[in-house]
Amino acid sequence: MARDCSAAHSPTPISSCHQVTPPPPHHLKRLALAHPASTPPPPRLPPLQARRSILDIHTRQWRERPGPGLLEELASLCVGYCGADLKAVCAEAALAAVRRR
């Protein structure tokens, strides 16, 4: 049966129901061997020229393509963006152009 942790019967509770006890050391050793505490490598983000190429690919079929200088500047401002992020930037730019017209 579950214990009642309310302090209705006593003004000062003696113990808490939600005490967390650590696992025994032999369990910790087994868990450590089963799941090594290695962090995955950070994702490789594209360098400047790759970002420029990605932007070029996603704007290739636009009727009014941005100039190379604008794409170069945009690529330099998008440090830390992956290919999907750059595609989303291009999609947002296209939607903004449609809304303006």
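Modeller: A disulfide here is a pair of cysteine sulfur atoms within 2.5 Å. By that cut-off, the whole structure turns up zero disulfides. Take Cys78, which is in no disulfide: its nearest cysteine sulfur belongs to Cys90 and sits 8.6 Å away. Some ground rules: this is a predicted model, where local features need pLDDT of at least 70, side-chain atom pairs count only at pLDDT 80 or more, and totals for chains, interfaces and linings use all residues. Residues are numbered from 1 along each chain as its sequence is written, and side-chain values use heavy atoms, with hydrogens and water left out.

How covered are these cysteines? Buried means under 20% relative accessible area, exposed over 50%, and partly exposed in between, with a 1.4 Å probe and protein chains only. Cys78 is buried because its relative accessible area is 5%, while Cys82 comes out partly exposed because its value is 29%.

Now for the setting. The protein has four helices and zero strands; both are DSSP runs numbered from the N terminus, helices being H or I with at least four residues and strands E with at least two. Arg52 lies in helix α2, residues 48–58, and counts as buried because its relative accessibility is 16%. Beyond its neighbours within four places in sequence, Arg52 is in contact (heavy atoms within 4.5 Å) with Pro68, Leu71, Glu72 and Ala75. Across the 101 residues of the protein, 12% are buried.
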